Amino acid sequence: MQKICSSTKLLVALLAAFALLAAACGGSDDDDGDGGSATAATGADGSSLSGSISVTGSSTVEPITSLLAEAFAETHGGVAFSVAGPGSGDGHKAACAGEVQIWNSSRQIKDEEAECINGAGIEFIELRVAIDGISVITAAGNDAIGCLNFEDLYSLVGVESTGFDSWADANSLNAELGGSGPFGDGALEIFAPGEESGTFDSFIEIALEDVWEHRVEAGHADENFAVRPDYNASANDNVIIDGVSGNEHSLGWVGFAFADENRDKVKLVDVDGGDGCVAPTPETIASAEFPIARFLYTYIDAGQASDPAVKAFVDFMLSDEGQPYVVEAGYVGLSPADLEQSRSNWNNLTTGTTF
Amino acid sequence: MSVLTSPAGIAADTADALRRRPGADVAGAVFKWLLIGATVFATGFLAVLLAVMIVDGWDVLSGNLWHFLTHGFSQRSAAEAGVWQGIIGSLQVALVTGVFAVPIGVATAIYLVEYAQDSRFARIVELNIRNLAGVPSIVYGLLGLAVFVQTIHGFTQGKTVIAGGMTLAAMVLPIIVITSVEALKAVPSSLREAAYGVGATKWEVLSRQVLPAALSTILTGTVLALARALGEAAPLILVGAATGFLSFGDANMLETFTGPYTALPVQIFNFARLPGADWGVNAAAASVVILVLVLAVNGLAIYLRNRFEKQW
């Protein structure tokens with residue numbers, strides 16, 4: 001019995017120790033917060049702002065918001081901030097459930113998403129924050145491919161290319177569509193984001209949809225799926241880069257920032273959107289000259305726009321001080337006209353889609 | 001072979017067996033080497049994994065470890081980013097998980113073994129719990145999102161440490177119930193009968209004899225279940241662990257439990273998907289950190305088992 005009593009005491013002591021450890025750790029969070037506040041007190045604006053902001057939505061836009069939040073926290077240490085990036089669709093869903101004040105999207109909000117959010121009694125303000133180009137990529141040493149047009153892309157990755165194991169397999173479809181083929185022989189390995197990704201949606205909308213819809217009308221293509229199902233889908237862009245660089249005749253697509261950082265591993269293919277071949281560079285994307293470019297959006301719950309923390313953050317985001325973080329995150333800054341439109345939407349609290 | 005009747009017969013058999021020994025048991029030798037091969041493969045695989053993580057993460061582990069352990073996430077550069085918030089978040093989530101899962105799990109096990117005994121109801125419940133232990137963690141994430149984040153939003157305050165901890169509690173609950181059931185079943189019935197024999201009540205038998213006897217196994221199972229919870233990323237991402245920038249603002253220690261959070265596995269997921277090789281170094285280094293954390297927890301489990309173990 002003596003033995004059991006001492007065992008029980010030890011157990012209680014261990015549990016208490018664990019609780020204390022957690023409490024001590026929690027206490028340190030508090031210290032971090034105080035440290036931030038101290039910085040704020042000595043900061044330029046002497047901010048004593050508090051509150052909390054949580055941002056979710058597109059993983060593509062997440063780095064921009066993270067950089068902005070980090071800079072914002074340096075002068076507003078009292079504001080609790082969390083940034084997550086599960087996906088554009090998840091962001092709109094969270095907004096519909098009233099869970100967030102600010103959410104990101106790598107495409108414009110869909111009608112049904114807007115209806116859901118409005119149906120929950122929430123009005124949203126739409127802002128454009130940056131431009132992202134989608135790059136078509138192949139292995140760095142693949143000299144056979146220099147420029148592809150939308151017909152080429154559809155004949156290689158569209159739903160009708162299902163089962164094509166070689167570039168040459170696509171030749172008859174490519175000729176039928178009036179593409180730039182024929183292609184040489186070579187194993188066709190495709191690596192691209194999965195359908196949960198905003199990059200997947202945007203690639204379909206911009207590069208494939210026109211050709212695909214024609215084919216659906218003509219009765220050749222499946223009306224439910226634009227992209228062949230038999231490609232290597234990954235949510236991790238690094239996996240796509242590795243797959244593309246590791247296969248000589250590979251083909252894939254990822255966001256421009258990602259491809260641009262990996263120019264040593266992959267080749268960025270020129271794209272012809274009908275006006276000749278254009279190479280993806282920061283300049284051709286900002287001017288929308290590159291055919292596969294998309295705008296990135298941030299949405300704000302209009303009912304929360306007067307919240308001091310939210311207001312201060314969005315003001316900072318759209319300020320001249322905040323804009324360089326778009327470039328730092330690897331994206332391309334908005335044209336002056338688009339930036340002006342975003343600022344005006346925010347300052348006038350214009351709700352609904354405006355772009 | 002002769003029947004062992006005479007000393008001469010025994011001597012002849014012994015001599016025969018001795019002659020046969022070298023090389024005779026081929027199947028046995030092959031089997032032994034297969035077992036050795038499997039062991040080498042299993043441990044070698046782990047060693048390679050560990051070596052790769054340490055080599056990949058070496059730049060951070062050797063030069064930048066203190067900064068890495070004491071700073072939060074930064075989007076600016078991999079060198080500035082650390083896992084401090086992930087370590088704290090993981091410990092906080094594990095604490096909440098333990099607070100919810102351990103009492104409920106152990107109580108369920110006690111009821112099933114000591115009260116419901118071998119009833120039809122107990123068998124059905126136990127079978128279901130065993131099946132629940134095999135449900136993929138992402139499914140518990142969906143459950144957590146629907147129930148803990150949305151339905152009981154008033155209690156959890158949405159996507160918070162509490163919601164994350166409760167989600168993982170639901171996930172490890174079956175494991176705790178199963179190990180506790182096994183622990184209680186392993187307590188010899190002679191112990192219970194002896195206690196009843198000297199006039200102890202059911203409560204006395206349970207609290208003074210059965211539970212202390214089963215404690216070491218229950219503790220081991222519980223700590224191992226918490227170690228599993230420490231390594232989970234998928235359900236936490238669904239219930240809102242932050243992958244990007246995170247700050248606690250001026251929240252105090254208690255308030256952070258109902259505030260935003262992140263966890264080590266979630267940070268590893270985030271590091272691994274960011275562009276650039278230096279983020280990969282962070283991912284490898286963070287993997288080593290979580291491995292050390294889990295090893296420490298497992299070490300605690302071994303210590304507890306040795307400390308409380310009873311020999312029959």
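Colleague: What's the mean pLDDT of chain B?
Modeller: It's 88, and 95% of the residues of chain B reach 70 or more. pLDDT is the predictor's confidence in each residue, from 0 to 100. This is a predicted model, where local features need pLDDT of at least 70, side-chain atom pairs count only at 80 or more, and totals for chains, interfaces and linings use all residues. Residues are numbered from 1 along each chain as its sequence is written, while chains are lettered from A and ligands numbered from 1 in the order in which they are written.

Colleague: Which element of chain B has the lowest mean pLDDT?
Modeller: Helix α1 of chain B (residues 7–24), at 72, whereas helix α9 (residues 161–186) has the highest, 94. Helices are DSSP runs of H or I with at least four residues, strands are runs of E with at least two, and both are numbered from the N terminus.

Colleague: And the complex?
Modeller: The predictor gives an ipTM of 0.77 and a pTM of 0.73.

Colleague: New topic: why is helix α8 of chain A largely enclosed?
Modeller: Because 7 of its 9 residues (237–245) are buried, among them A:Ile240 and A:Val244. Buried means 20 or more other C-beta atoms within 10 Å of a residue's own, exposed means 12 or fewer, and partly exposed is in between, with C-beta atoms placed from the backbone.

Colleague: Is B:Gln157 exposed or partly exposed?
Modeller: Partly exposed, with 16 C-beta neighbours inside 10 Å. B:Gln157 also has a positive phi of about 65°, though it's not a glycine.
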